[in-house]
Amino acid sequence: MVLSAAELALLGRLDLAYRRPRSGLYAGERRSPRSARSPEFADFRPYVAGDDFRQIDWPAYARLEKLMLRLYVAEEEACLNVVLDTSGSMAMGQPPKWQAARRLAAALSFVGLAAMDRVQVGCLGGGRLPPMRGRDGVSRVWTFLESLEPAGETGPAELRRVQWARPGLTVVISDFLVEDGSWSPPVAGLASRRQEPVLWQVLAPEEEHPSITGDLKLIDVETERTRELTITPGLVADYHRALAAHRSELARAAQSAGGRFLHSGSADDLEATILAGLRAGVVRRS
Amino acid sequence: MQFLLPAAGLALLTVPAIVLLYFLKVRRPEVRVSTLMFWRRFVADRQANAPWQRLRPSLLLLLQLLGAIVLGIGLMRPGLVGAAGINATTVVMIDASPSMAATDVSPSRFGAAVDRARSLAGQMQPGQQMAVILLSDHAQLLAAPTGDASLIRSALDRARLSGTPGDFAEGISLANSILTGRPGGSIILFSDGHSRAPSSPARVVAPLTYQSIGTTGENAAIETMARSASGSVFLRVANYGRNTRDIKIEMRADGRLTDVLPMKLEGNTTTDLTWSRLPASTQVLEAKLTPGDAFALDDRAWLVIAEPPRHNILLVTAENGFLEKALKLRPGVEVTTVKPADYKPGRYDLVVFDGFVPTGKLPEPALLVNPPAGQGPVPLGAAIDPGSVLPGDVRDPLLSHVSLRELHVQSAAAVKPPAGWRTVISAAAGPLMLIKEDEPRDALLTFDLHHSDLPLQAAFPILVQNLLDYLLPGGFENQVFAPSQAVTLIPEPGAKWADVTGPDGHTTRLTPPAGSQAFPPFTASDQPGVYSVRQQLSSGQRQSRFVVQLQDPSISRIAPGAEPFLQPLDKPPGTLPRGTLEIWPFLVAAGVVLLVIEWLVYLINPTRSWIRRGIRGTGA
C-alpha cells in the first residue's frame with residue numbers, strides 16, 4: 001500500500017489544476033473548449049447554413065422569430081502524464097528521495113484517476129504503464145510504482161523518449177541533479193507536443209543543507225565520479241548558491257514552456273507536499 | 001665561506017622528507033552523494049595519511065622547501081672568513097675620544113667601532129672570551145672577560161663618547177692585567193688614533209691589532225670666539241683639512257640670524273676676523289659654520305654677552321702692580337687696594353692678602369700670596385729653594401691654558417698640604433700653590449711673586465683668572481668649558497640648590513650635601529651649547545649662564561692617526577687565527593620569514609588566482 005486511508009481521504013478532496021482544458025478523445029468530466037450535447041447549457045448563437053436542425057431552439061424562435069442554436073458544454077477527459085525519475089540518485093537521502101517521489105506520483109495518479117482523467121505513468125529511466133481511466137486503475141498504478149527500483153543513470157535526454165498518447169499535463173518528478181546536459185531543451189520539447197510541463201523537484205534534507213565537512217572524497221552515485229574536497233563553510237555557501245542557481249534555471253525552463261516548477265523535501269509528509277502543489281497551482285481543492 | 005658545524009647538514013634531510021610527505025596522499029572518508037555539480041573544487045593542504053599520489057605543483061611545497069634549505073644551511077653555521085679573528089681571550093679597546101664623534105663613517109666613528117665590537121662578540125666560539133675596555137678620560141673596563149655575547153653586547157650599549165681624549169696608556173695597562181696569565185690572548189684597538197699617547201712606547205703582553213676608523217681629516221672649526229672691551233667680537237676660524245673650503249659663518253643673536261660672514265679658508269690655515277655688528281641688548285651670541293662637516297662638535301661657538309655679576313675684591317698689599325693689574329683684567333670686578341696697615345674687614349667677595357695675613361678669622365674667600373711664616377690657615381715652614389716646577393695636570397681647570405714650562409721660582413715656603421687642601425702647582429721640593437676644596441674656598445701661593453718670573457709670563461693673568469673663577473661666587477658665569485668637563489658651580493652665599501638646564505632642555509638639580517655649602521660638580525656637560533643656572537637663594541633666585549663648547553685644536557684635527565707605537569713583544573706573536581663572520585642569524589631570520597609567509601598563505605582565503613593555483617589540487 002503506497003498511500004494510507006487518511007492520505008487517500010485527503011487526496012479525495014483535491015483536483016488537478018489544468019491551466020486550460022484539453023480536448024480528449026473520449027467524453028469525460030473535464031470541461032472541453034468544444035461545444036457538445038450535454039445537460040449543461042452554455043450559450044446561444046445564430047443559425048447558419050449547415051447547422052444541425054436538431055439543435056435549433058424552437059421556443060426562442062417563437063419569441064424572437066430568429067433561428068437560434070442552443071449550445072451545451074462539452075465534458076471530455078483530460079490527460080495526466082506522470083514521469084518519475086528512477087535514476088540511482090533518487091535512492092539517496094535520509095529519508096530517501098525515492099519513497100517521497102513514488103508516493104507523490106501515486107498521489108497525483110490517484111487524483112487524476114478519481115477525476116476520470118486519462119492517466120499515464122512512465123519512468124525517465126524507461127518503462128511505462130498504458131493509459132487508464134477510473135479508480136480501477138489505482139491499484140495497477142500502485143503495483144507498477146512498487147515494482148520500480150531506482151538505479152542507473154538518467155538525464156534530460158530521457159525526457160524526450162517518453163511516449164505521450166494525448167496532450168495534457170505532464171508532471172516530471174525528479175531531483176534534476178544531472179551534471180551533463182540542460183533541462184531546457186527537453187522541457188521545451190514537451191510544450192511542442194502540447195504538454196503542460198510541471199517540474200517537481202524532490203530533494204533530501206542533506207541535499208538542501210549539506211552537513212558534511214572536512215576532507216572528504218565525494219562519489220557521484222550515478223556516474224561513480226569522485227572529487228576530493230576540503231569542505232569548509234565557504235564551500236557550503238558556494239553549494240547553496242549553486243543550488244539556487246540550478247533551481248532558477250529549472251524555473252526558467254518550465255516557464256518558457258508554459259509550465260511550472262516547484263520543489264519539496266523527502267522528509268515532508270504528503271500533506272506538506274500537496275501543500276507545495278497547492279501553492280504552485282498544480283492541484284486545487286475540488 | 002666555511003661551515004663551522006658541517007654535521008648539522010643532516011638537517012637538510014628534511015628537504016626530501018618534505019617532498020616525500022607531499023607524495024603521500026590524504027586518506028579522505030568517502031561520501032556518496034547524488035551529484036557533484038554544486039561542489040566547487042577546493043582542496044586544502046593537509047597531512048598525508050595514505051601512500052603515494054602524484055606530486056602536484058604547490059606554492060606551500062615551494063615555500064617549505066626553501067625554508068628547510070635556508071634553515072638547514074643556517075644550522076651548519078656558515079661564516080665568511082674575516083681579517084681579524086677571535087682568539088682565546090680577546091680584549092677589545094674602543095677609543096672614546098671626542099674625535100670619534102666624526103660622522104665620516106656611518107653612523108659615526110664611535111658607532112662603527114661599537115658595531116665592529118658587537119660583531120666580534122657574535123663570532124665567539126665556545127671556550128673563547130672577550131673583554132671590552134673604553135678609552136675615555138680614564139680607561140673603563142666595560143666588560144670583564146666573558147664568553148657570553150649578550151653580556152658583551154649589553155656592556156657595549158653602555159659605551160659613551162668622552163669629552164677628553166682617551167687614555168691609551170691606562171687602556172693598555174688594563175688590557176695587560178687582563179691578559180697576563182691567559183695564553184693566546186690578543187688585543188684589538190678600534191680608534192682613529194687620537195687617544196692620548198703614552199710618553200713612551202707601551203708594552204703589551206699580547207699582539208695588538210689596530211683597526212683604524214675614519215676616512216677623512218677635512219674639518220673646519222671655530223677655534224675661538226671672544227668679546228673685546230670695545231664690544232666687538234673676535235673670531236678665529238681654522239681649517240684643519242687639506243682642501244680649501246668656502247664657508248659661511250652665521251651669526252645669531254639670541255637665536256635670530258643677524259649676519260652671515262663668507263670666507264675662503266685655505267687648507268691647514270686659520271683666519272681671524274672681528275665682527276662689530278652685535279645688536280644691543282644681546283644676551284647670547286652664536287656663531288655657526290655652514291655647511292657643516294664630518295665633525296660637528298667644533299662647528300658652533302657661543303658667547304654669553306650678558307653683563308657679568310659685579311664683584312668687589314680687596315687687595316691688601318704693600319706694593320704689587322702685577323697682581324693688581326691681573327685682578328682688574330676681569331670684567332665686572334671692582335678692585336680696592338689698601339696697605340696692610342690700613343686693612344679693615346668689610347663686605348668683599350674676595351680678599352687677596354699679599355705678604356700679609358691679618359690676625360683673627362680670615363675673611364672668606366681669601367687668596368693668600370706669600371703669607372708670613374706661621375700665619376694663615378696653612379702652617380708654612382722656612383724658605384726653601386723649590387727647584388724646577390713640575391708640569392701640571394692639563395685636566396685641572398685651574399691650570400687651563402696655563403703653561404708652567406718656563407716658570408721659575410727662586411724661593412718658596414716649605415709647606416705640607418693639610419687635609420682638605422689640594423696641590424695645584426708643585427715643584428721638585430714642595431708645593432707652590434694649594435687650594436682648599438671645600439667651602440669656604442681659599443687659595444695659597446707659597447712664594448713671593450717678585451721672587452719668580454711668573455708675573456712676566458702670559459700664564460700669570462690666565463692663572464689669576466682661573467683662580468678668580470674658582471674663588472669668586474658665580475665664577476663660572478659666562479665662562480666656557482670643554483664638553484664632558486666637570487663644571488664646579490661656586491654657590492652664592494645662602495644658595496639652597498641650583499638647577500642647571502642644558503641645551504636640550506634637560507634640567508639637573510644640584511643640592512649641597514649635608515654639612516657642606518658646595519654644590520657637587522656638574523658632570524652632564526657633554527652637549528655643546530649654553531647652559532643656564534638658576535640658584536635658589538634665601539632672598540630670591542639668581543640666573544646665570546655658562547657655555548660648553550669644544551675649542552681644542554688637537555681634537556679638531558680629526559684625520560685618522562697612525563698606529564700606536566708599541567714595544568716589541570717579548571715572545572713572537574705567531575699567526576693570528578683567521579676569524580669568521582657568522583651569517584647564520586641572517587639565514588635563520590630568512591627561514592623564519594619564509595615559514596611565516598607559508599603560514600599566511602595557508603591561512604588566507606585563496607582568492608588570488610596565483611595562490612589558488614598553488615594550493616589547490618588538480619581535482620579528482
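## Chain A on its own

Let's start with how chain A folds. Of its contacts with a separation of 6 or more, 74% are between residues 24 or more positions apart. Keep in mind that this is a predicted model.

What is chain A built from? It has 9 helices and 12 strands. The chain counts 286 residues, and buried ones make up 40% of them.

## Where the two chains touch

Chain A also has a partner, chain B. On the chain B side, 22 residues are in contact with 25 residues of chain A. Sort that chain B side by class and you get 12 nonpolar, 4 polar and 6 charged residues.

## A strand pair across the chains

## A proline in a chain B loop

Now over to Pro358(B). You'll find this residue in the loop between strand 18 (350–354) and strand 19 (366–369) of chain B. Along the chain, Pro358(B) and Gly376(B) are 18 residues apart, and their C-alpha atoms are separated by 8.0 Å.

Why does Pro358(B) count as partly exposed? Because Pro358(B) has 17 C-beta neighbours inside 10 Å, and a residue needs 20 or more to be buried, or 12 or fewer to be exposed.

Notes. Residues numbered from 1 in each chain as written. Chains lettered and ligands numbered in written order. Predicted model: local features only at pLDDT ≥ 70, side-chain atom pairs only at ≥ 80, totals over all residues. Contact = placed C-beta atoms within 7 Å. Nonpolar A, V, L, I, M, F, W, Y, C, P; charged D, E, K, R; others polar. Helix = DSSP H or I, 4+ residues; strand = E, 2+ residues; numbered from the N terminus.
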